[in-house]
Amino acid sequence: MLPLNPSKIQSDFRRAMTLLKAGKRDDAQAMLQSLHNSGAVLPEIEFQLGRMALAAGRTDVGIAHLETADARRPDEPTILEALAGAYAAAGLNEKALATYDRWSAVQPKSANPLIDKALLLQRQGAMEEAETVLKRAMKRDPRRGEIYRMLAVSRKLKPGDPLIRTMKKAESDKHQSPEARVQLQFALAKAMEDTGKTDHVFRYLKPANRAMKSAYRFDIRSRKAEVDGLIRAFSGEDFTPISAAGNGFAPIFVTGLPRSGTTLVEQILNAHSQVSAAGEQPHALRLAYDILGGPRSGFSKARSLDEEDYRRFASDYEDAMRAAIPFDRIVTDKAIQTHLIIGFLKRALPDSKVIVVRRDPRDLLYSIYKNMFAPGTHRYAYDLEDLAGYYASFVQILDFWRRTLPDGFHELHYEELVAHPEEQTRALVAAAGLEWEDGCLDFHAAKGEVKTLSVSQVRQPIYRSSARAWEKYAADLAPLTAALEREGVL
């Protein structure tokens, strides 16, 4: 074999990056893979291949590439950040925490590794340790709004808590960055709610949501068009499973809208000895849309699909889930958008179960409105009119599936669950096709990672205080109530 030419390696790598920037991802990946196979030792090659593998859901392959990149350049912050995140996503928490510490040591003035480490600790339920880490991060970057928001959401604040005074001072600082101010406003809204100052909550929520809506544009017409397109595509289809139910792969889809109680339901099911919780996975809707088409290209009529399409989906989806998390045969998938494709899932996966979680729309949408989501996600969340329209589209597709598949899913209402926890939990476990286990009532005591905004709530027994919370803010939420009434869903 001829020796590798370093200049050609660098040249080919630059060409691959040019292809990637141009949107030619497959061509870029092929070139990078060729360089890897040739024995090129550039850590940049391994880093890019690792990121691509992770984006495709091949977690083990992605981690292997990133570990190679790390071995070749052990003090590179970008590699350490990506590797720690990959470990955390894969549930390799001890490795993730150790890698965050290495990253922090390499960049001793940066708050980023401490913030990411604290987030993982919060997901694990280690709230006190997370708070200690966040306070270290605050010393490194005292203006970082994200730190204050994470501190605020991890516990209920009490009147006189010095954190509130500190946040108010930081929020009113004229030199504060707009991004940090938004984070602080969401945190202060929660602080006002926690301390009973309900007349001050929307003082912070309104400007925070206006800023988010401006930063992340959303057109409710696109969502309504997507739902209308799916209903047209699925109308008239026979959703009889392509094979008989048996003892095969048995996912439990837990779906609904954010803040409806889906995390609570998943945690209850995860307390069962036969169930593994995968959290919110992106695979089901993506793979289904690969077959059906999508909102931009238009959806194919479901009747045009053949059984092989459904079998391919089932195989690819199981492979993706098993790459994401180890489990026997029963796994929960809390991908909330799966309510869009319930019939498709039931036809492709005969052993699957679908649990739809409902909640009073005023409580539900207020809870969405008062929270800040990951950048670019849930873009509808920052406007009361958009929230009402989005909820109406949820009701529309659910009504369609109820007419089309009356026995295709189990509906659970959050208010009934908190009012009658044992009765509703028993019904939930039965609907999931499981034998009853008493541990499902003690879900809050079970260990496990929670990757949602509900991280602190699901560490507690079921409580009723969040029911009818919207009534305290009825005047501020009047535009939402009016919009829900216009949509015919209230």
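Guide: Helices here are DSSP runs of H or I with at least four residues, strands are E runs of at least two, and both are numbered from the N terminus. By that count, the protein chain has 22 helices and 7 strands. This is a predicted model, where local features need pLDDT of at least 70, side-chain atom pairs count only at pLDDT 80 or more, and totals for chains, interfaces and linings use all residues. Residues are numbered from 1 along each chain as its sequence is written, and side-chain values use heavy atoms, with hydrogens and water left out.

Visitor: How do you know whether N209 is buried or exposed?

Guide: Buried means under 20% relative accessible area, exposed means over 50%, and partly exposed is in between (1.4 Å probe, protein chains only). N209, in helix α12 (residues 201-215), has a relative accessible area of 0%, so N209 is buried.

Visitor: And F186, buried or exposed?

Guide: F186 is at 4%, so F186 counts as buried too. You'll find F186 in helix α11 (residues 178-194).

Visitor: What is N209 in contact with, leaving aside its neighbours within four places in sequence?

Guide: Contact means heavy atoms within 4.5 Å. On that basis, N209 is in contact with F186, Y369, A381 and Y382. F186 has its own list, including R149, L205, M212 and Y382, again not counting residues up to four places away.

Visitor: Why is something called a nonpolar core?

Guide: The name goes to a set of buried Ala, Val, Leu, Ile, Met, Phe, Trp, Tyr and Cys residues joined through side-chain atoms within 4.5 Å. In the largest one, with 120 residues, F234, F313 and F344 touch the most other members. Helix α19 (residues 384-404) gives the most to this core, with 12 residues. A second, separate core of 22 residues includes V275, V357, L417 and F443.

Visitor: Which residues does F234 touch, not counting those up to four places away in sequence?

Guide: Among them are F239, L292, F344 and W401. In soluble globular proteins, nonpolar side chains tend to be buried together.
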